[in-house]
Amino acid sequence: MDILATGQELIANLGLGFSTAALPINLGFCFVGVLLGTLIGVLPGIGPTATIAMLLPITFNFEPATSLIMLAGIYYGAQYGGSTTAILINLPGESSSAVTAIDGYQMAKQGRAGPALATAALGSFFAGSVATVLIALFAPPLTEVALKFGPAEYFSLMMLGLVASVALASGSVLKALAMVVLGLLLGLVGSDVNTGAQRFTMGFLELADGLNFVAVAVGVFGIAEILRNLENETDREVMVKKVTNLWPSKEDFKAMVAPVLRGTALGSVLGILPGGGAVLSSFAAYTVEKRISKTPERFGKGAIEGVAAPESANNAGAQTSFIPMLTLGIPANPVMALMIGAMIIQGIQPGPNVASEKPELFWGLIASMWVGNLMLVLLNLPLIGLWVRLLTVPYTMLFPAILAFCAIGVYSVNSNAFDLFAVAAFGLLGYVLVKLECEPAPLLLGFVLGPMLEENLRRAMTISRGDPSVFVTRPLSATLLVLAVLVLVVTFLPSVRAKRDEVFQEDA
Amino acid sequence: MMQVNTRDAAAGGIFIAIAAAFALGTMDLTIGTALRMGPGYFPLLLAGVLGLLGVIILLKSFGRPSVEIGTVPWRGAALILISPIVFGLTIRWLGLAPSVALVVAISAFASRRSTVKLAVALTLALTLFCVIVFQRWLGLPIPVFNGPFAPLNPYFDMAYAPFGAAFSAIGSALAGVVAALRGLFGA
C-alpha cells in the first residue's frame, strides 16, 4: 500500500518534471548546455568547472529552472565529450575520462573505435537513466530527513563534507586541509550576518557583500588553468582514421552488460559521497573490473570492459552528486558548489525546502537530466567527426576567447570593476598554489560552505547555551562527526595513503 | 647541507602569512564567547588552524628532497593577469567593444606561438562575436561604444540592422516550427 502510494507520487512528480523539462525554452537550453558541455569536454584545457563559472552570469537572465537545466547539461555533457577524445586520440578531455583512454585508445588502434565510442555512449546513457530514477527515488525521503536537521546536524554534516573533499583530493592531505580552511576564511569576508560588522574588507565597499563567488571560481579555476597550459604549449597532432562500423558486435554487447551494471552501481554510490563525483567513480570502476576479471591481462590492450565500466560510472556519479546538493544544499564537488552559487544568485535558498517550495524546478531539473542524456546519445555519435575537427583548433586561439568570456561574465554579475581585479588576484593565487601542489577544489568548497558553517555553529552554540557538547550528544550529529573523524584518520593511515597516491598517480 | 623541499616550505610559508593576515584582521572585531560568538570568533579560530597547518607543512618540508618547480611562463602570466584588470578599468569608460578588443589583443600575445596577424584576426573576430552574442542577444546592459568612442554607436547600429532583422526572422521561424510541433503532438 505504502509502496503503491510512493509509486504514484513518484510518477506524479516525474510527470511534473517532464512537463517542465519539455517546455521549449528548457528543451532548447538543455540542448545548448549539452552541446556546450560536449564541446568543452572535447577540448583539453578547459574543464567543466571553469566553463560553468564563466557561463554562470549569462544564465541569470533566465528562469531559475532553465538556468540550472543548462548548467547541469554542461556538466554531464562534458563527461561525454571527454570520453570521445580519450578514445580517439588518447587525450582525455576531462580527468574523469582518463581511465577510458587506457583501453579505449587501444580499441581505436585496433580499428574498433566505433564500438568503443558506442559502448561509452550507450553505457553512459544507461547509467544516466538509472541515476535519474535513483535521484527521483531517494531525493524526497532524504529531504524529509534533512528537514529534521538542526544547526548542530548541519554543522556536523558540513564538516563531514569538507573532510571528505580533503580525503579525495590528490596530493598532500595537510595541504588539502589548509586549502579548505583558507576557503572557509575567504568565504567569511564581508559583512557579518549577525552584527553587520565589516570583516576583512580593508575598507573596500565592494567587499561588503563578500567576495564575488564567480570571480573567485573563474580566477582559481579558469585563469590558473590557462596559465598552466601556457607552461608547455605543444602542437596537437590529430590523426584520426575514419570511424567505420559504429555498432558493437553481439559478443561486445555480451561482454559489456555486466561492467555497465557494476559501473552504474558503483558510480551511483560514489557520486553521493561528499567530495565524490565523476572522477573517483571512473577510477574505482576501472580498478574493480580489472580485479574481478578472469583475464586481467587484457586490460590496457583494448578490453571493452575497461571502457564500459568507467564510462557508466562517471556518468552515474556525475548525476547522483546532485542528490546532496538538491536535498541538503551541500555541494559534493566544485561543480555542485557552482550550482549552489547559481541558486543563491537566483534568490533560491538551497536545501531541503527546494523540493516542496519549487517542485517544478526540482523535478524539472531531474527530468531534464534524462532528456539531456538522450540528446547526448543522439547528438554525439553522428557528430564525432565534428568534435575531432574541433581538436585541431590551436590553444593559442582558444584562450583569448576564454578570457574575454570570463571578463564579460564576471563583470555582468555586479557591473563591478572590482570583481575583475579579484579575478586577477585569485588567478595569481590559484596558479601559485597549484604550482605548490595545492588542490583548488577543497578551497572552493570551503568558500561556499564558510558562511553556512559559521551560521550553524553560532546557532547551535546559542541554542545549547554555549555548551559545545551539543555536537556529540545529539545522535545524528555525533554519527556524522564520528564519520568525519574516521575519514580523516583513515586518510592519514600509511597504507591508505600509499593506495591513494597510486590511484592519483594514474591520473597524471 | 640539509635538504629542504622548497615547494612545501613555500606552501607552508604562504599559509602562515595568510593566517597571520586574517588574524590581524580580527583585531578590531569583537571576539565574544562560545555562547555569544562575535564576528571575530570563527575567523580567529580558523586563522589559528590555518597557521598551525602552515607550521606543520613548513616543518615537514625540512629534510625532504627538493623538487623542480617547473617552468613559469612569466611573460604569458603577466599578460593574462593584466587583461582582466584592463577590462575592469575600461569597460565603463570605453564600452564593451573596445574593452573586449583590449582583453583579446593583450592576452593573444601571452602565447609564444602568437603572431601579430593572428592577434589582429582574433581581436576582430572575437570582439564582433562577443558584442553580438552578449550585448545584442543576451541583452547585456553595456553600451557597445562609450566615452570617446560613443559617436561610433549609430554606425554599429546601422551595420547590425540587417543582421538583426535576419536573426529575429530565423528566431520567429524556429518558434513557429516549435509551436507547430507542439500542436501536432498535442503537448
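Between chain B and chain A, the rule identifies 8 residue pairs in polar contact, with both residues at pLDDT 80 or more. The model is a predicted one. The side of chain B that touches chain A draws two or more residues from each of these elements of chain B: α1 (6-25), α2 (41-61), α3 (74-94), α4 (96-108), α5 (116-137) and α6 (153-185). The greatest contribution to that side comes from α3(B), with 12 residues. Sorted by class, the side of chain B that touches chain A holds 47 nonpolar, 11 polar and 7 charged residues.

The extent of this interface may be described in two ways. In terms of contacts, 65 residues of chain B meet 68 residues of chain A. In terms of area, the size of an interface is often expressed as the accessible area lost when the parts come together. Chain B and chain A bury about 5700 Å² between them, and 80% of that area lies on carbon and sulfur atoms. Within chain B, the residues that lose the most area to chain A are F22(B), F42(B) and R113(B), which together make up 11% of what that side buries.

Charged pairs also span the two chains. In one salt bridge, the side chain of D8(B) meets that of K175(A) at 2.6 Å, N to O. In another, the side chains of E437(A) and R7(B) are paired at 3.0 Å, N to O. This latter pair runs between chains, from E437(A) in the loop between α18 (417-435) and α19 (440-463) of chain A to R7(B) in helix α1 of chain B.

Attention now turns to chain A itself. Helix α4 (residues 64-89) of chain A and helix α16 (residues 359-390) of chain A have axes that come within 8 Å and cross at roughly 35°. The crossing of α4(A) and α16(A) is right-handed. Residues of α4(A) in this contact include A65(A), A72(A), G77(A) and G81(A), while those of α16(A) include G364(A), S368(A), G372(A) and N380(A). The residues of the contact of α4(A) with α16(A) comprise 15 nonpolar, 8 polar and no charged.

Conventions:
Residues numbered from 1 in each chain as written. Chains lettered and ligands numbered in written order. Predicted model: local features only at pLDDT ≥ 70, side-chain atom pairs only at ≥ 80, totals over all residues. Heavy atoms only, no water. Contact = heavy atoms within 4.5 Å. Buried area = accessible area lost by both parts, 1.4 Å probe. Salt bridge = Lys/Arg side-chain N within 4 Å of Asp/Glu carboxyl O. Polar contact = N/O pair within 3.5 Å; in protein donor to acceptor, adjacent residues only side chain to side chain. Helix = DSSP H or I, 4+ residues; strand = E, 2+ residues; numbered from the N terminus. Nonpolar A, V, L, I, M, F, W, Y, C, P; charged D, E, K, R; others polar. Axes fitted to C-alpha atoms, helices over the stretch in contact; angles between N-to-C directions. Left-handed = near helix turned anticlockwise from the far one by under 90°.
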